[in-house]
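Here are some notes to read alongside the model. Take them one point at a time, and find each residue on the screen as you go.

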Amino acid sequence: MTTNESAAGEADWRRATELIRSAGTLALACHVSPDGDALGSMLGLGLALAGTGRRVVASFGDRVFAVPRLLRFLPGQHLLVEPSAYPAEPDLMITFDASTMERLGLLAPHAGKAGELVVIDHHVSNTRFGTVHLVDPGAASTTMVVEELVNRLGLPIDREVATCLYTGLVTDTGSFRHSITTPAAHAMAGRLLATGLRPEEIARDLWDRSPFAYLRVLGTALGRATLEPDAVGGLGLVWTYVSRADRAAEGLPYEEVEGMIDLVRRVDEAEVAVVLKEDDEGGWNVSTRSKGAVDVARACAALGGGGHMRAAGFSSALSVGDTMAALRPLLAPEGSRS
């Protein structure tokens, strides 16, 4: 193996490789509003498989189908098709970085009708909704699981595949700053760098670029940030929101506010940070972060979402106030809840 001992059993690995080797068309899907790990893992495996001459289709189930601007540098986007062009009843479907079938959005019905469904993920909250599960909660990213799968299939990892896998690795580890970073994650980074990929170019695209309108909307959001020092069992909560009206005033697409949580989470006086972002349909996508004393994945799972102990999220159709009222009591540390 190229990673730490995988949580997936050998029977699952054997079955996954057998299914992939025998399949005609390989239908790949990642979660809606894809981040670097979701899109990077899907396109990384897709490129590796397409390099063998196989037919590969890849997609994600957003109503507005568009690759986020920050990820448009990723190779392999020629494999992408809109949800309407995705196989309705694929013989073999492979999902990436989705902890539940619902996270596939418009492609969830396709997953339900798939002959075989291979689920590739690293979230501890994964519900095992497939027929084969390559789920390793100990992996720092889903791309780590994909790297092992590519190696088990005996396929080469060239610079383009490596760029996709590295993107997922650095985004989910926060450039190796998060606690999920392991020796295996650094070892994988070394292997991928050896292909000749340019880490400085990837970093610039991911973190060092934004339109001026982002600064305007950021200022609005930070101006309404609220600190609740008595919340979270006295450990503190900081939160804010970005409405679609805020974005419309500056002409800023939704995707540009995804990383705002990484600024809000820096507040010393708060254990937990929350940012609510209204999408173009009027729903709220909620990002949560913890410094380690609170399991935000547990809180988000109770509201239909999921993620990691220190980084998780969920969607809400309620107002900002009602959403926070539902979330706030769930953020109390274990042992302090009534």
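## Notes on salt bridges, domains and a few buried residues

1. **Salt bridges overall.** The count of salt bridges comes to 18. Keep in mind while reading that this is a predicted model. As background, side chains of opposite charge can pair when their charged atoms come close. The next points pick out a few of these pairs.

2. **R69 with E256.** Let's start with R69, which forms a salt bridge with E256; their closest N and O atoms are 2.4 Å apart. Why can we say that this pair ties together separate parts of the chain? R69 sits in the loop between β2 (55-60) and β3, while E256 sits in the loop between α9 (244-250) and α10 (261-264), so the pair links parts that are 187 residues apart in sequence. How accessible are the two partners? R69 has a relative accessible area of 21%, so R69 is classed as partly exposed. E256, at 9% relative accessibility, counts as buried, because the cut-off for buried is under 20%.

3. **R224 with D246.** A second pair to find is R224 and D246, whose side chains meet in a salt bridge at 2.7 Å, N to O. R224 lies in the loop between α8 (212-223) and β6 (226-228), and D246 lies in helix α9, so this pair ties together parts that are 22 residues apart in sequence. Here R224 is partly exposed, with a relative accessible area of 24%, whereas D246 is buried, at 15%.

4. D295 counts as partly exposed at 23% relative accessibility, and R298 counts as partly exposed at 46%. Elsewhere, salt bridges that share partners join E10, E148 and R152 into one network.

5. **Two domains.** Where does the domain assignment place domain 1 and domain 2? Domain 1 is given as 10-207 and domain 2 as 212-330. Their C-alpha centres lie 26 Å apart.

6. **Where the domains meet.** In general, the size of an interface is often given as the accessible area lost when the parts come together. For domain 1 and domain 2 the buried area is about 860 Å², with 46% of it on carbon and sulfur atoms. Between the two domains there are also 2 salt bridges and 6 residue pairs in polar contact.

7. **What the UniProt record says.** The unreviewed UniProt entry places the feature "domain: DDH" at residues 29-168. Over residues 29-168 the chain is 30% helix and 16% strand, and the end C-alpha atoms are 15 Å apart. The annotation "domain: DHHA1", again from an unreviewed entry, covers residues 250-317. Over residues 250-317 the chain is 16% helix and 32% strand, with the end C-alpha atoms 24 Å apart.

8. **T95, in a strand.** Is T95 buried or exposed? At 0% relative accessibility, T95 counts as buried. T95 is placed in strand β3 (residues 92-96). Leaving aside neighbours within four places in sequence, T95 is in contact with A29, L104, L117, V118, V119, I120 and F129.

9. **L155, in a loop.** L155 is found in the loop between α4 (142-152) and α5 (159-173). With 15% relative accessibility, L155 counts as buried. Beyond its neighbours within four places in sequence, L155 is in contact with A48, L49, T52 and V150. For a sense of scale, L155 and V296 are 141 residues apart in sequence and 37 Å apart in space, C-alpha to C-alpha.

10. E278 is found in strand β8 (residues 272-278) and counts as buried at 11% relative accessibility. What does the side chain of E278 reach? The side chain reaches the backbone nitrogen of R244, at 3.0 Å. R244 is also one of the residues in contact with E278 when neighbours within four places in sequence are left aside; the others are V242, S243, R247, Y254, G283 and W284.

Notes:
Residues numbered from 1 in each chain as written. Predicted model: local features only at pLDDT ≥ 70, side-chain atom pairs only at ≥ 80, totals over all residues. Heavy atoms only, no water. Helix = DSSP H or I, 4+ residues; strand = E, 2+ residues; numbered from the N terminus. Buried < 20%, exposed > 50% of the residue type's maximum accessible area, 1.4 Å probe, protein only. Contact = heavy atoms within 4.5 Å. UniProt positions renumbered as here; feature names shortened; annotations may be inferred. Domains from an automatic or database assignment. Buried area = accessible area lost by both parts, 1.4 Å probe. Salt bridge = Lys/Arg side-chain N within 4 Å of Asp/Glu carboxyl O. Polar contact = N/O pair within 3.5 Å; in protein donor to acceptor, adjacent residues only side chain to side chain.
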